[in-house]
Amino acid sequence: MVVEPVSVTALSFTEYVMSGQRGRISIVAEQREVYLGVDPWVSGFYNPMREAMRRAANSTDPDAELEVAVQAADRNGQPRAFEELREGFLPWLRGTRATGVPVRAARWSAGELSLRVRPHLGLRLPDGSTAAVLVYTKEAVMTQEAANVGLRILQQTTADTLPGATPLLLDARRGRAFKMAKRTNLAKLDALIAAEAAGYVVHWRMSA
């Protein structure tokens, strides 16, 4: 019997890693609902704000782009969440003085886990350099340890998504962007990611 690989996004996998041992079964069950369409209402909760962020990066009035998403928020919990995202994201974006650039999608695999990798934002900074940005939107605070997982996956796929770009993972509610420290032990990080990928697949199949 052929076993299909488990396929989620790089950000979903990063959120799994940061959820801790007790929370992992719950978060995988929630992600199954989203990806398998068990509860369509859950799917795409943050998409309007992420789309507004992309528009904002190319707009002369980024606040207006975010306001459109805030005013259209009609799901339970969306208005407060979108307000918090705007309050964190807008000052950060203005501080970068960046403009948007196109990004492409890529795939990253480890064992039976296949991750869809597409940066939520591609940015060109004033010095001409570029950044490929995953935007984290949830209420729990992102940590550097968890961010390193997403950053490493971005790092290994930038040749396909945005060649030459610096990977960033933005905790949008706090307006804090994480980047990989130069002293990061990549061999140990890769081993951690491989172990977490195997664990994710086990949790996914047990949640069926």
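**Aromatic rings**

A: Both Phe-89 and Trp-92 are buried, where buried means under 20% relative accessible area, exposed over 50% and partly exposed in between, using a 1.4 Å probe and protein chains only. The model is predicted, so local features need pLDDT of at least 70 and side-chain atom pairs count only at pLDDT 80 or more, while totals for chains, interfaces and linings use all residues. Residues are numbered from 1 along each chain as its sequence is written, and side-chain values use heavy atoms, leaving out hydrogens and water.

Phe-89 and Trp-92 lie 3 residues apart in helix H5 (residues 78-96), so about one helical turn separates them. Helices (H or I, at least four residues) are DSSP runs, numbered from the N terminus.

Rings of Phe, Tyr and Trp (its six-membered ring) pair if their centres lie within 6.5 Å; planes under 30 degrees apart count as stacked, over 60 as edge-to-face and the rest as tilted. Searching the whole structure gives 7 aromatic pairs. Tyr-16 and Tyr-200 are edge-to-face, because their ring centres are 4.8 Å apart and their planes stand at 80 degrees. Tyr-16 belongs to helix H1 (residues 10-18) and Tyr-200 to helix H8 (residues 186-206), so this pair ties together parts 184 residues apart in sequence. Tyr-16 and Tyr-200 are both buried. Phe-89 and Trp-92 make a tilted pair, with 6.0 Å from centre to centre and 40 degrees between the planes.

One aromatic cluster consists of Phe-13, Tyr-16, Tyr-200 and Trp-204.

Definitions and conventions: Helices (H or I, at least four residues) and strands (E, at least two) are DSSP runs, numbered from the N terminus.
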